[in-house]
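Please read the following with the sequence and the model open side by side.

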Amino acid sequence: AQIKEVEFVKSSGRAKDCPRDARPEFAILGRSNVGKSSLINALVRKKEVALTSKRPGKTQLINHFLVNRSWYIVDLPGYGFAKASDAARMDWSAFTKGYFLNRDSLVAVLLLIDASVPPQKIDLDCANWIGRNNIPMTFVFTKCDKVKGGKGKRPDENIRDFQELIIQNYREHPPWIMTSSVTGLGRDNLLLHMSQLRNY
Ligand code: GTP
Ligand code: MG
């Protein structure tokens, strides 16, 4: 499950501009600032393959990265960016829904959930939308290294709370993995998981 080579292929503004070959791909989805681009960099062990920022809304297009010349990892714009205009938010859903519903080569969505904050309604809504559309999904909890001093729950407590809310809607809980792009936690597990999904 090792990554030997990663190559940025292209940025697409619309689903129909995405690469047309049928190589399997994984989409990285989640709230703005949850750590999507950082996770990609941690997976491929390169600092700036995917551009990151402290300010939400950094990634604006569908970015395809080709791994080992055989499968894609796709960095998507985040949802739930509070400062985005209504028009931009409408755009987000039209554009990403277009991608999800028409992408035959999609193996699974990695839905990133920030483990350093309590469950967010927008993440639950997103998970339920993906579930309703029968798109295979893995929960990737990010920022598991982040512990807030004093008040505030620990990452493992936030994860448990999120799962209790999710379980009501699924016969089987989707697979899930704890990660940190800072410490590298979960990296090898996630790569192994992705290789198993590709080989089904
Ligand atoms: P958009 O492109 O705006 O949707 O954001 P994104 O989801 O791609 O987030 P990005 O990777 O740019 O990271 C946002 C911020 O969170 C950056 O300041 C990162 O350094 C920080 N961050 C990302 N992953 C982790 C993590 O695992 N732990 C900690 N402590 N910080 C992280
Ligand atoms: Mg990003």
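Among contacts in the protein chain between residues at least 6 apart in sequence, 73% join residues at least 24 apart. This value, like those that follow, comes from a predicted model. The protein chain has 200 residues, of which 32% count as buried. Its secondary structure consists of five helices and seven strands. Along the sequence these follow the pattern β-β-α-β-β-α-β-α-β-α-β-α.

The strands are the place to start. An open sheet of seven strands is formed, in the order β1-β3-β4-β2-β5-β6-β7, and the pairing is mixed. At its edges are β1 (6-12) and β7 (176-178), each of which pairs on one side only. From one strand to the next, the twist averages 25°. In general, strands of a sheet pair through backbone hydrogen bonds, either parallel or antiparallel.

Strand β2 (residues 25-30) runs parallel to β5, and six bridges join the two. Within this pairing, A27 stands opposite V109 in β5. On to the next pair: β5 and β6 are also joined by six bridges, in the parallel sense. Here L110 has T138 in β6 as its bridge partner. Strand β6 (residues 137-142) then pairs with β7 in the parallel sense, over three bridges. One of the residues involved is F139, whose bridge partner in β7 is W176.

How much of β5 is buried? Seven of its nine residues are, so the strand is largely enclosed by the rest of the structure. In soluble globular proteins, nonpolar side chains tend to be buried together.

Which residues does I28 contact, leaving aside its neighbours within four places in sequence? They are K36, L39, I40, I73, V74, D75, L76, L110 and L112.

Helix α3 (residues 121-132) has 12 residues, and the distance from its first C-alpha to its last is 16 Å, close to the 16 Å expected at 1.5 Å a residue. D123, C126 and A127 are the buried residues of α3. Because these residues cover an arc of only 100° around the axis, they are on the same side of α3. The face turned away from this buried side carries the exposed residues K121, I122, D125 and R132. What do the buried residues of α3 pack against? Their partners are β5, β6 and α4 (155-166).

The buried residues of α4 are P155, N158, F162 and I166. Seen down the axis of α4, these residues fall within an arc of 75°, so they line one face of the helix. On the other side, D156, E157, R160 and E164 are exposed. The buried residues of α4 pack against β5, α3 and β6.

Some backbone details remain. Just after α3, N134 takes a positive phi of about 55°. N33 is not a glycine, yet has a positive phi of about 80°. N33 lies in the loop between β2 and α1 (36-44). R69, likewise not a glycine, has a positive phi of about 55°. R69 is found in the loop between β3 (62-67) and β4 (71-75).

Are N33 and R69 buried or exposed? A residue counts as buried if 20 or more other C-beta atoms lie within 10 Å of its own, and as exposed if 12 or fewer do. N33 has 21 other C-beta atoms within 10 Å, so N33 is buried. R69 has 10 other C-beta atoms within 10 Å, so R69 is exposed.

Technical notes. Residues are numbered from 1 along each chain as its sequence is written. Chains are lettered from A and ligands numbered from 1 in the order in which they are written. This is a predicted model: local features need pLDDT of at least 70, side-chain atom pairs count only at pLDDT 80 or more; totals for chains, interfaces and linings use all residues. Two residues are in contact if their C-beta atoms, placed from the backbone, lie within 7 Å. Two strands pair if DSSP finds at least two bridges between them. Helices (H or I, at least four residues) and strands (E, at least two) are DSSP runs, numbered from the N terminus. Axes are lines fitted to C-alpha atoms, for helices over the stretch in contact, and angles run from 0 to 180 degrees between N-to-C directions. The expected span of a helix is 1.5 Å times one less than its number of residues. The arc is that of the directions from the helix axis to the C-beta atoms.
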